[in-house]
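Dear colleague,

I am passing on the structure we spoke about, and would be grateful if you could look through it alongside the notes that come after it.

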Amino acid sequence: MTTIAFIGSGNMAGAIMGGLIEDGYQPDNIIASDPSEEKLAELKQRHGIQTTQNNIDAIKRSDVVVLAVKPQVMEQVLEPLKATLEETQPLLISVAAGINQYSLQQWAGDLAIVRCMPNTPSLVGKGASGLLANDKVSDQQKSITEDILGAVGLSVWVNNEQQLDWVTAVSGSGPAYYFLFMECMIQAAKNMGMDEEQAKKLTLQTALGAATMAQKSDVEPDQLRKNVTSPNGTTEQAILSFQNAGLDKIVKDAMEAVVKRSEEMVKELGAK
């Protein structure tokens, strides 16, 4: 069985580890490396995995290395590991935002690298991730990557960095759009006089129900909307209000702002 080392053991790494073990992955084949003894002790107790505070030791014992550190410290973390990574040639998977393939190769060396853009629902096993491989990644390594990210949701492959920025705009930042819409619905219901807890329960269940219907249906979301929008009915009035307020442009502008910021972050955080 493939041995996977996690460099950095925060929430996203912990979620992937937990998802792998739930899927039947052997804890002995998972290594967590982190400077925090407390965090490592918690992970070892919860999952029974191997732990270490020595990144090089973790890499030497692994076939796959998942980089789960903050993008601001990625260069600092990787540069002392470059010689070991080039010697052992693991598959390197980065889940850090704003660090492109060029920077990862400059700091980690010439090896198989997959850049991943996950999202926060991965923490509850309902994530959506974009994956970008460099030319050294084999079909087998792509399959391994899919299995690892499949432990916390679904994943799609993209062909270049620009497309990964698009993924960031759709699924990477997307959960916050839905959270904001939920906030607005709950607040509007409260303004009408509804009890806050009641408003929250109805809003969250409605969001879950709509998403589940969209996933399981054999028709597109626009048709699902039309199906529930009776002419001259109440839903039609709400939809018209959204459209008259320019909701489509609001969403378009927001997603374009995400792409713009993603491009800026690459320049700010990446190799010069």
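Predicted model: local features only at pLDDT ≥ 70, side-chain atom pairs only at ≥ 80, totals over all residues.

Residues are numbered from 1 along each chain as its sequence is written, and side-chain values use heavy atoms, with hydrogens and water left out.

The protein is divided into domain 1 (4–160) and domain 2 (173–265), with bounds that come from an automatic or database domain assignment. The C-alpha centres of domain 1 and domain 2 are 33 Å apart. For residues 161–265, the unreviewed UniProt entry gives the feature "domain: Pyrroline-5-carboxylate reductase dimerisation"; such positions are in the numbering used here, feature names are shortened, and annotations may be inferred rather than shown by experiment. That span is 86% helix and 0% strand, and its end C-alpha atoms lie 13 Å apart (helices, H or I of at least four residues, and strands, E of at least two, are DSSP runs numbered from the N terminus).

The second largest pocket has a volume of about 690 Å³. A pocket here is an open set of points on a 1 Å grid over the protein atoms alone, where a 1.4 Å probe fits, with protein on both sides within 12 Å along at least five of seven lines, and lining residues have an atom within 4 Å of a point; the volume is the space filled by probe spheres set on the points, which are joined across faces, edges and corners. Because domain 1 and domain 2 both give residues to its lining, the second largest pocket lies between them. Of the 30 lining residues, Met12, Pro71, Val95, Ala96 and Ala97 lie nearest the centre of this pocket. Helix H1 (11–22), strand S6 (113–117), helix H8 (161–172) and helix H13 (247–269) each supply at least two lining residues, and H13 gives the largest share, 5 residues.

Two residues other than glycine have a positive phi: Gln89, near 55 degrees, and Asn232, about 65 degrees.

With best wishes
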